[in-house]
Amino acid sequence: MFYILRHGRTDWNEEHRLQGEVDIPLNETGRQIAYDDAKKYKDIDFDICYCSPLKRAQETARIFLSGRNPAVEIITDNRLHEMCFGDYEGVKNIRQKPECPVYLLFEEPEKYVAKDGAESFEELYHRTGEFIEQVLRPQLEAGKNVLLSSFLRLLLIPSLVSFSFIRYS
């Protein structure tokens with residue numbers, strides 16, 4: 001089985017800032033969400049966890065998996081980092097700015113065109129698709145329960161047909 005654990009809240013979530021690859025840590029609310037989710041899903045056995053290199057995803061995974069016996073290995077993979085939004089990272093209230101190219105990513109994704117250093121869907125598909133084929137698919141075919149501590153844009157990947165989703169906060 002394959003599970004996705006979205007990172008907990010950050011100060012930038014609270015400020016409605018577009019995070020992307022900016023390495024923003026969890027805030028106290030985000031940590032509490034991870035502790036609460038750890039209790040809620042304590043009976044799910046995970047064989048392995050793959051994690052984004054960003055602090056917010058790593059800390060969420062560490063908290064979520066802490067105290068498990070046996071311990072679950074957390075492996076960082078750079079292909080799982082958040083989508084890059086280029087010059088628009090840190091911009092507030094992007095969904096209220098139709099003049100911003102990244103607005104389309106959220107409101108009309110079929111019209112989105114990467115600009116100003118932002119990552120395209122093709123680039124996202126390439127790096128995450130490579131991870132899926134080289135790492136995730138073999139683990140699943142071997143019957144492993146795999147946890148990904150990463151970002152929701154992974155759900156845009158066409159080859160992810162079935163999954164279990166743990167948290168969207």
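Strand 2, helix 3 and strand 3 form a right-handed β-α-β unit. Right-handed here means that, with the strands pointing away from the viewer, the path from the first strand over the helix to the second runs clockwise. Helices (H or I, at least four residues) and strands (E, at least two) are DSSP runs, numbered from the N terminus. The model is predicted: local features need pLDDT of at least 70, side-chain atom pairs count only at pLDDT 80 or more, and totals for chains, interfaces and linings use all residues. Residues are numbered from 1 along each chain as its sequence is written, and side-chain values use heavy atoms, with hydrogens and water left out.

Start with the strands of that unit. Strand 2 covers residues 48–51 and strand 3 covers residues 73–76. They pair in the parallel sense, over four bridges. Pairing requires that DSSP finds at least two bridges between two strands. Within this pair, Y50 stands opposite I75 of strand 3.

Strand 2 and strand 4 run parallel and are joined by four bridges. Strand 4 spans residues 146–150. Strand 1, residues 2–6, also runs parallel to strand 4, and five bridges join the two. In that pairing L5 stands opposite S149.

How covered is strand 4? Five of its five residues are buried, where buried means under 20% relative accessible area, exposed over 50%, and partly exposed in between (1.4 Å probe, protein chains only). Both faces are covered. V146, L148 and S150 lie on one side, L147 and S149 on the other.

Next, R6 in strand 1. R6 counts as buried because its relative accessible area is 12%. The C-alpha atoms of R6 and S149 are separated by 5.9 Å, although the two residues are 143 apart along the chain.

Now the helices. Two packed helices are described by the angle between their axes and the distance between the axes. Helix 2 (residues 28–40) packs with helix 3 (residues 55–65) at an angle of about 35°, and their axes are 8 Å apart. Axes are lines fitted to C-alpha atoms, for helices over the stretch in contact, and angles run from 0 to 180 degrees between N-to-C directions. R31, A34, Y35, D37 and A38 of helix 2 meet E59, T60, I63 and F64 of helix 3. Contact means heavy atoms within 4.5 Å. By class, this contact has five nonpolar, one polar and three charged residues. Ala, Val, Leu, Ile, Met, Phe, Trp, Tyr, Cys and Pro count as nonpolar, Asp, Glu, Lys and Arg as charged, and the others, Gly among them, as polar.

The loops hold backbone details. P70 sits in the loop between helix 3 and strand 3. The peptide bond from N69 to P70 is cis, with omega near 5°. N93 lies in the loop between strand 3 and helix 4 (103–107). Its phi is near 50°, a positive value in a residue other than glycine. N93 counts as partly exposed because its relative accessibility is 29%. D116 is in the loop between helix 4 and helix 5 (121–141). D116 is not a glycine, yet has a positive phi of about 55°. At 41% relative accessibility, D116 counts as partly exposed.
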